[in-house]
Every structure is written in C-alpha cells, then in structure tokens.
Amino acid sequence: MYTTLLITGIVAGIYIIVYNVFIKRQRCKSSTTLHGKTAIVTGANTGIGKATALELAKRGARVILACRSQERAEAAVRDIKRESGNAEVVYMQLDLASLQSVRSFAETFLKTEPRLDLLINNAGLLVEGKTEDGFGMIFGVNHLGHFLLTLLLLERLKECGSSRVINVSSKGYTFGTVDFNYLSTHKELGVGGSGYRLFKLYCHSKLCNVLFTHELAKRLQGTSVTCYSLHPGPVKTEIARHTSICWKIFLIPTSWLFTVDPDSGAQTTLHCALQEGIEPLSGRYFSDCVEEEVLPKAKDDAVARKLWEVSERLSGLS
C-alpha cells in the first residue's frame, strides 16, 4: 500500500513538473482594445480559432468567422456573442479545400466589409484525401488556401493602417521538408496514408506556413502590414477528428495528459495579433508568447521565394 502511494506520488510529481515546464503556456499580456477594427479568423468554429475569436470579440472587434460548416459556425457565433456581449460577430462561408470558395469569400468580403485589420490564418487539419482542385488535402488547406486568401485580401490590409497577418504553424515544422519535385508531379508534399505519414505531411505544411511568413514579411517591407507565424503549443483541439480510429486511440488519451485547453493555446496567436511594439519582428516565429529562433531551413530565402512562386502558380495567381 505504502509503495503504491509512493509511486503514485512520484509519478504525479513528475507529471506536475513536466506540465509546468513543457506544457503550460504563458498568457498574452496586451491590453489592446479593438473597437472599430475588423478581424478574420479561419477555422473559428472550434478549438484555438474559436477561443481566439472570442477574445477578439471581447476586446470590441468585428469578428468574421471564416468556416466551412455553416451549422458549426453559426453555433459558434451564438456562443461568442453571448459570452462576449459583442453583436458584431458574423459567419462567412469559406472552404479552404476549394480555391473557388477562397476566391468567392474574398470577393464577398471585399464588397461588404470596408476594412480588415487582422487576418488570422488559423484553420488546419490532419486528414488524407484530395481537395476540390486535386491537391493533397493537408497541403491544400493548411498552406495553399491560406496563401491565396492572404494575397487576395492584402490590398485591403494595406489600406487599414497597422494591420497584421497571423499564420498558425506548429513546432512540427522542424520535422518538415518541401519536396518541389513531388509537389509539381503529385500536387502534394509527400506520400500520405498511415498515421505517421499523415503526421509528416502535416509537418511539411507547417514548414510551408513559416516559410510563407518569412517571404511575406520581405514583400511587405515599406508597408504598414506585418506578419508572424507561431506555435500554439500542445492543445486539445479537434484537428484529428477526421483521422482513423487507430490514430484517435493514440491521440485522445495523450491529449488529455499532455495538452492544454484551447484558451491557453490561443495565447500566442493573441500575442502576435495584439502585442504593442513587435512590428520590427515581422516575419518571425513565436512560441509561448515570445519570439523563437527557427531552424535554418525555415528561413531559407531561396526556398521561401520558390515556395511563393510555386504557390502563385498552383493557386492561379500567375
């Protein structure tokens, strides 16, 4: 009995230390308010996106929930309005797996909304399959859809003063590569199928997010728009809700032990969106509400420029 209690205590103590050192997240300390400002948050009907949208609404912003599922998004709109007391929360349909949907969203937004101050490219998924345009689903949604969306809305961001683009990436980028040959022949960053291979595809797409941010910052020099990429931390989200049962069996118990809630996971996004004085750090990568140096492959000028050019071609911009 005593031995069992001792072992339990030791395990609990180790877990508490691990949680506080490696898992627990810092909170955004900015007191910035957003009255009169407009923000778009993709994938805002659940998880980090919903938590981000809620905080922006609490600070007075007009918040556009850009989501694929109308039913889930409208439920999120009701929740956010109720919790924030802000009636300026609306849903606009956006399916990042369809380049036509991205174009339709941008066209509707530019016709109906006079300003854009924050574009938060938050949506992400971990699922096999192909997009409407024949791209790998993970590459198409996590990178290409957001790339096109950002470029279509860039002029509106420039018109609105000190605007920001936030790209939610992941520490998984460290395991990623960009195989341009495979991308040109298969419209995908690698071979999917098994849980491990899907994870690798996810990591490849997250590296694309960081490289996109790096190149975007260069092209925004001389404007009032800045951009940032980030790692939200290990967060309990529904990102793997479409994965296989075997993958879920692994992820669900792990997520309960080693992840934080979406509100905690949204803090670095909020830091990048709201923190005063970080404009000189445009193009940089953040984790736990502080700038973090990235691996050389994530700031390779030649690779970032080539990814931009390939993405322009694949999305029909060139």
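Modeller: First, a convention. Axes are lines fitted to C-alpha atoms, for helices over the stretch in contact, and angles run from 0 to 180 degrees between N-to-C directions. Also, this is a predicted model.

Colleague: Fine. At what angle do α7 and α11 pack?

Modeller: About 90°, with the axes of α7 and helix α11 (residues 301-314) 9 Å apart. Angles of 65 to 115 degrees count as roughly perpendicular, so α7 and α11 are roughly perpendicular to each other.

Colleague: Which residues in α7 meet α11?

Modeller: On the α7 side, Cys208, Leu211, Phe212, His214, Glu215, Leu216, Lys218 and Arg219. They meet Asp301, Val303, Ala304, Arg305, Leu307 and Trp308 in α11. By class, that contact has eight nonpolar, one polar and five charged residues.

Colleague: And α5 with α7, what's the angle there?

Modeller: About 20°, for helix α5 (residues 137-159) against helix α7 (residues 195-219). Their axes are 7 Å apart. Angles under 35 degrees count as roughly parallel, so α5 and α7 are roughly parallel to each other.

Colleague: Is the crossing of α5 and α7 left-handed or right-handed?

Modeller: The crossing of α5 and α7 is right-handed. From α5, the contact is made by Ile138, Asn142, His143, Phe147, Thr150, Leu151 and Leu154. From α7, the contributors include Leu198, Leu201, Tyr202, Phe212 and Leu216. By class, the contact of α5 with α7 has 10 nonpolar, five polar and one charged residues.

Colleague: Switching to the sheet. What's the strand order?

Modeller: β3-β2-β1-β4-β5-β6-β7-β8, an open sheet of eight strands with mixed pairing. The edge strands are β3 (89-93) and β8 (290-291), each pairing on one side only.

Colleague: How many bridges join β1 to β2?

Modeller: Five, between β1 (residues 38-42) and β2 (residues 62-67), and the two strands run parallel. Thr38 stands opposite Arg62 in β2.

Colleague: What does helix α2 touch on the sheet?

Modeller: Helix α2 (residues 47-58) touches β1, β2, β3 and β4 (118-121). Its direction makes about 170° with that of β1. As for α7, that helix lies across β5 (164-168), β6 and β7 (285-287), at about 160° to β6.

Colleague: Last thing. Where is Pro234 found?

Modeller: In the loop between β6 (226-231) and α8 (245-258).

Colleague: How exposed is Pro234?

Modeller: Pro234 has a relative accessible area of 25%. Buried means under 20% and exposed over 50%, so Pro234 is partly exposed.

Definitions and conventions
Residues are numbered from 1 along each chain as its sequence is written. This is a predicted model: local features need pLDDT of at least 70, side-chain atom pairs count only at pLDDT 80 or more; totals for chains, interfaces and linings use all residues. Side-chain values use heavy atoms; hydrogens and water are left out. Helices (H or I, at least four residues) and strands (E, at least two) are DSSP runs, numbered from the N terminus. Angles under 35 degrees count as roughly parallel, over 145 as roughly antiparallel, 65 to 115 as roughly perpendicular and the rest as oblique. A crossing is left-handed if the near helix is turned anticlockwise from the far one by less than a right angle, and right-handed if clockwise. Contact means heavy atoms within 4.5 Å. Ala, Val, Leu, Ile, Met, Phe, Trp, Tyr, Cys and Pro count as nonpolar, Asp, Glu, Lys and Arg as charged, and the others, Gly among them, as polar. Buried means under 20% relative accessible area, exposed over 50%, partly exposed in between (1.4 Å probe, protein chains only). Two strands pair if DSSP finds at least two bridges between them.
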